[in-house]
Each structure stands twice: as C-alpha cells, then as structure tokens.
Amino acid sequence: MNIAIIGAGGWGTALSVLLHGKGHRARLWAYVPAHVTEMRAKRENVHFLPGVPLPPEMEISNDMAHTVQGAELVVMAVPSHTMRQSCQKLPRLTVPILSVSKGIENETGKRMTEVIAETQSGVPVAALSGPSHAEEVARGTPTAVVASSLHPTLARLVQQAFMTDRFRIYTGDDLVGVELGGALKNVIAIAAGITDGLGLGDNAKAALVTRGQAEMSRLGLALGARQETFFGLSGIGDLMVTCFSKWSRNRGVGERLGRGESLDQILGSMEMVAEGVRTAKSAVALAQQAGVEMPITCEVFSVLYEGKDARQAMRDLMTRGAKPE
C-alpha cells in the first residue's frame with residue numbers, strides 16, 4: 001500500500017518506520033528542507049526521534065505534492081496548530097485521510113478531523129489515538145491504540161494497514177470522544193507535571209488524574225461523545241501514559257512550571273511541541289460554551305496564561321466547595 005505521512009516529527013517518523021516494516025511504501029514529508037537533507041544523509045531523525053535508524057529505502061521529501069502522489073492513504077502528523085495550513089497546501093485529495101495529531105484548533109474549537117474535512121472536503125477521515133509514545137513505538141514496544149471513523153470500512157483499513165504483533169489496533173466510531181480524549185489529556189498532564197514539580201506526592205497526582213478524567217468525560221458528553229470512550233485507550237489509557245511517562249512533553253512542561261520556570265523559558269528551550277499548552281485555551285473556551293465545569297483545566301490555563309502561581313492553583317483546587325463524587 002502506498003502511504004504518505006505528512007509531518008516528520010517523532011510520531012510521523014515512528015509511524016513511517018512501522019509502516020515500512022510492514023511492507024508498505026511509506027513516503028515521509030518534512031517541512032524544513034535542511035531537515036530532509038539531514039535525515040537522508042544520516043538515515044536518522046536526530047532532532048525528533050534520535051537513535052532510531054531510518055530504512056535506506058524509505059523516501060523523505062520536502063515536496064508535498066510529490067509525497068502524496070499515488071498515495072492510497074494520507075496520514076496527517078503535523079502539530080495541531082498547523083493542521084489547517086498544511087491541509088490547504090496539499091493538492092486536492094481523493095483518498096482517505098488519517099489524523100494522528102492530538103489537539104483542538106484555538107481559533108475555531110474544531111477537532112483535527114473537522115479541520116481536515118473543511119479543507120479537503122469529500123474524502124473520508126479517521127483518527128488514530130491512544131497511549132503511544134513515538135520513542136517506544138519506533139523501537140517495537142508493545143502498544144495498543146484505536147482507529148476511529150464514521151466510516152467503518154476506513155477504520156478497518158487503518159487497522160489492517162498499521163497493525164503488527166507489536167502495534168495492536170482496535171476500531172471504533174466515536175470520533176468525537178477519541179479526538180477529545182487525545183487532546184484534553186495533554187492539559188491534565190501539565191497539571192500532573194505540576195504536582196511532580198511541586199513534590200506533592202503520589203496521592204495528589206492520583207487524585208488529580210482521576211478528577212481530570214472526570215472533567216474530560218463531562219466535556220466530551222456535552223459535545224456528543226460517549227462516556228465509555230473515555231474509559232478506553234484514547235481516554236484513560238492515553239491519560240495515564242501522558243501523566244506518568246518520562247517521555248511526556250506535556251508532563252515535563254508542568255514539572256518545570258512547578259519548579260518555578262516561566263512558560264516562555266520552557267517553550268524557548270523545547271524543539272518539540274507540547275500540545276497541551278495550546279489546547280488549554282481551546283478546552284477552556286469549549287467548556288464555557290458548553291456550560292461544563294473543568295476546574296483542573298481552568299487552573300492550568302491560569303498558570304499558563306494569567307501568571308498564577310502553581311502552588312496556589314493546587315491549593316485552590318483542594319479548597320473548592322465540598323460535593324459528592
């Protein structure tokens with residue numbers, strides 16, 4: 001199968017390696033020409049997936065039209081804030097598009113498949129999400145995710161194309177829930193990292209993650225998702241790995257905030273994208289529009305964008321009015 005991967009960050013690169021290993025013809029597109037030159041020369045994505053060799057036969061390009069030419073499936077692996085622009089730069093597609101990006105567009109509050117559908121209308125779309133750090137998938141660590149689409153045949157196509165003995169894929173049709181789970185958990189992971197940075201211990205972190213899952217579910221239900229999706233791989237599964245893993249960029253941002261660094265300092269030192277920083281804005285806006293209470297998400301927003309002290313944010317969460325669980 002000819003598959004084009006748009007976006008050569010860690011996740012796009014890891015999926016390209018996985019697909020090539022399955023015997024597919026995987027073409028990888030990178031935004032920066034110098035990045036393409038370096039990956040071709042070193043056969044390694046030194047910046048975003050160091051230590052993972054790129055197969056010599058795998059094609060890497062900066063030419064988007066060439067990358068998608070002849071593709072039977074296009075995988076969008078760009079940061080969420082560049083999804084609309086990237087889709088607009090693509091030639092008009094007639095093949096299915098799979099989003100593997102986890103975010104919510106700030107300007108519109110739209111999920112990634114909604115952005116894709118607006119810019120590449122008429123083609124079926126799907127999302128792939130779940131607990132899947134690129135660093136582990138690329139090295140063959142056992143991983144399970146879910147492919148969700150309103151078109152069951154597309155979900156099964158993704159399942160068949162990507163599934164290996166180390167990368168297990170389930171199918172589903174709750175596209176709203178799968179995408180919201182993948183995006184919102186990044187905000188909760190920032191909060192989890194703050195507890196690490198403040199040294200608040202295991203009890204505090206467990207409570208925060210549990211209550212974070214509750215508010216993710218509340219917003220999801222208000223926006224048309226199903227409750228059970230948030231107890232699946234794209235919900236609690238992705239939430240757990242992002243809140244506890246050493247690989248988690250969002251948890252790492254929170255930890256550094258808890259230790260007293262400013263957001264500008266943190267982001268200025270990072271080459272990779274921590275999606276939760278932008279998603280916090282979208283999540284708060286969606287919660288306000290839907291009339292849904294999301295106290296953890298709102299406190300993360302206040303720390304990120306209103307200069308609130310992280311320790312005070314945690315204190316305010318603990319001293320909210322008493323209520324039933």
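1. The centres of domain 1 and domain 2, taken over C-alpha atoms, lie 25 Å apart. Domain 1 covers 2-173 and domain 2 covers 176-319; such bounds come from an automatic or database domain assignment. The model is a predicted one, in which local features need pLDDT of at least 70 and side-chain atom pairs count only at pLDDT 80 or more, while totals for chains, interfaces and linings use all residues. Residues are numbered from 1 along each chain as its sequence is written, and side-chain values use heavy atoms, with hydrogens and water left out.

2. On the domain 1 side, 27 residues are in contact with 27 residues of domain 2 (contact means heavy atoms within 4.5 Å). The two domains bury about 2,400 Å² between them, and carbon and sulfur atoms give 61% of this area. Buried area is the accessible area (1.4 Å probe) that two parts lose on being put together, summed over both. In domain 1, the residues that lose the most area to domain 2 are K102, I104 and H133, together 25% of what that side buries.

3. There are 3 salt bridges between domain 1 and domain 2 (a side-chain nitrogen of Lys or Arg within 4 Å of a carboxyl oxygen of Asp or Glu). The side chains of K102 and D238 form a salt bridge, with 2.7 Å from N to O.

4. The side of domain 1 that touches domain 2 draws at least two residues from each of α5 (112-119), β8 (125-129), α6 (134-137) and β9 (143-149). Helices (H or I, at least four residues) and strands (E, at least two) are DSSP runs, numbered from the N terminus. The largest share of that side, 4 residues, comes from β9.

5. S132 sits in the loop between β8 and α6. S132 is buried, at 10% relative accessible area; buried means under 20%, exposed over 50%, and partly exposed in between (1.4 Å probe, protein chains only). Apart from neighbours within four places in sequence, S132 is in contact with W11, K102, V137, T143 and V145.

6. V292 is placed in the loop between α13 (275-290) and α14 (295-305). V292 also counts as buried, with a relative accessibility of 16%. Not counting residues up to four places away in sequence, V292 touches R218, L219, A222 and A287. From V292 to L184 the separation is 108 residues in sequence and 14 Å in space, C-alpha to C-alpha.
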